[in-house]
Amino acid sequence: MLILHGSNGVDGRGAFYAKALQEAGIATLEITMFLPGGRPPEGVPATMPHAAAALKWLAAQPGVDVQRLGVMGFSWGGMMSVLMSSELIQERRLGKDVPKPAVFAPFYPTCSNLLRSMRPEGKQQMSVTPMLIHVGTRDDYEEGERSCDSLIATWPEVARKQVTVRYVEGATHGFDLQTPKQFYDKFTHAGQGGMVSVGPSPKDAAEAREAVVSFFVKHLKP
């Protein structure tokens, strides 16, 4: 399982899920794509090579089945997880020699921003791959409580059928973080910018971890 951190770097969320995944028999690898405060101004495409290299490294490890690789990520990493499910992006951004993941689990991947930024050809080439999305209904990056539905509606029907969205009632962006936060981000509120509030919810985090472990076990275990 490849774990992709959020826009503030590695912060403990990956370890929170990795421990439970490892206990379920799933090997994990969380990579550092950039340090806190070092979010690339070029956007998500700048970190796709990191994910490509990590998938190739995982596939080369003894005991790792190249047919059973998965990807999960938070916010920035969640956007990457969604985009990496596009066959077009797999070819152009990851490379033909990179193994294709068999399952994806994006956490609060800013569906509203993806809806505006994904090119139509990318949406139409979403792979038929199981995907579980977690997003809070009070996420400041989203325009409406069920904005991920609007994004998924632009995908081919065969791809849509493979996607499950868990809307976490009353949860904010980053609900599985340890401490509350408030920060400004230019990508909120339809790209006009604004404040983002993060309210940790241990109960929702525990339920999300249980759900994602069950999801991966179902689709990755022999």
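**Helix packing, a disulfide and local backbone features**

Gly-199 is partly exposed, with a relative accessible area of 28%; partly exposed covers the range between buried (under 20% relative accessible area) and exposed (over 50%), with a 1.4 Å probe and protein chains only. The model is predicted, so local features need pLDDT of at least 70 and side-chain atom pairs count only at pLDDT 80 or more, while totals for chains, interfaces and linings use all residues. Residues are numbered from 1 along each chain as its sequence is written, and side-chain values use heavy atoms, with hydrogens and water left out.

Gly-199 sits in the loop between strand S8 (194–198) and H9. Helices (H or I, at least four residues) and strands (E, at least two) are DSSP runs, numbered from the N terminus. Leaving aside residues up to four places away in sequence, Gly-199 touches Thr-172, His-173 and Phe-175; contact means heavy atoms within 4.5 Å. The C-alpha atoms of Gly-199 and Gly-174 are separated by 7.3 Å. Along the chain, these two glycines are 25 residues apart.

Helix H9 (residues 202–220) packs against helix H1 (residues 13–23). The angle is about 45 degrees, and the axes are 10 Å apart. H1 is therefore oblique to H9. Axes are lines fitted to C-alpha atoms, for helices over the stretch in contact, and angles run from 0 to 180 degrees between N-to-C directions. Angles under 35 degrees count as roughly parallel, over 145 as roughly antiparallel, 65 to 115 as roughly perpendicular and the rest as oblique. The crossing of H1 and H9 is right-handed, meaning that the near helix is turned clockwise from the far one by less than a right angle. From H1, the contact involves Phe-16, Tyr-17, Ala-20 and Leu-21. They meet Ala-205, Ala-206, Ala-208, Arg-209, Val-212, Val-213 and Phe-216 in H9. The residues of this contact divide into ten nonpolar, no polar and one charged. Here Ala, Val, Leu, Ile, Met, Phe, Trp, Tyr, Cys and Pro count as nonpolar, Asp, Glu, Lys and Arg as charged, and the others, Gly among them, as polar.

A search of the whole structure finds one disulfide, defined as a pair of cysteine sulfur atoms within 2.5 Å. The bond joins Cys-111 to Cys-148, with an S to S distance of 2.0 Å. The torsion about the S-S bond of Cys-111 and Cys-148 is about 85 degrees, so the disulfide is right-handed. The pair links distant parts of the chain, 37 residues apart. Cys-111 belongs to helix H5 (residues 111–117) and Cys-148 to helix H7 (residues 147–152). Both cysteines are buried.

Thr-110 lies in the loop between strand S4 (103–107) and H5. Its phi is positive, about 50 degrees, although Thr-110 is not a glycine. Most residues other than glycine have a negative phi. Thr-110 is buried, at 2% relative accessible area. Ser-75 also has a positive phi, near 55 degrees. Ser-75 is in the loop between strand S3 (70–74) and helix H3 (76–83), and counts as buried at 11% relative accessibility.

In helix H4 (residues 87–94), the buried residues are Leu-88, Ile-89, Gln-90 and Leu-94. Their cover includes helix H2 (48–59), H3, S4 and helix H6 (120–124). Pro-49 is placed in H2 and is partly exposed, with a relative accessible area of 49%. Pro-49 and Leu-94 are 6.4 Å apart, C-alpha to C-alpha, and 45 residues apart in sequence. Just after H4, Gly-95 takes a positive phi of about 110 degrees.
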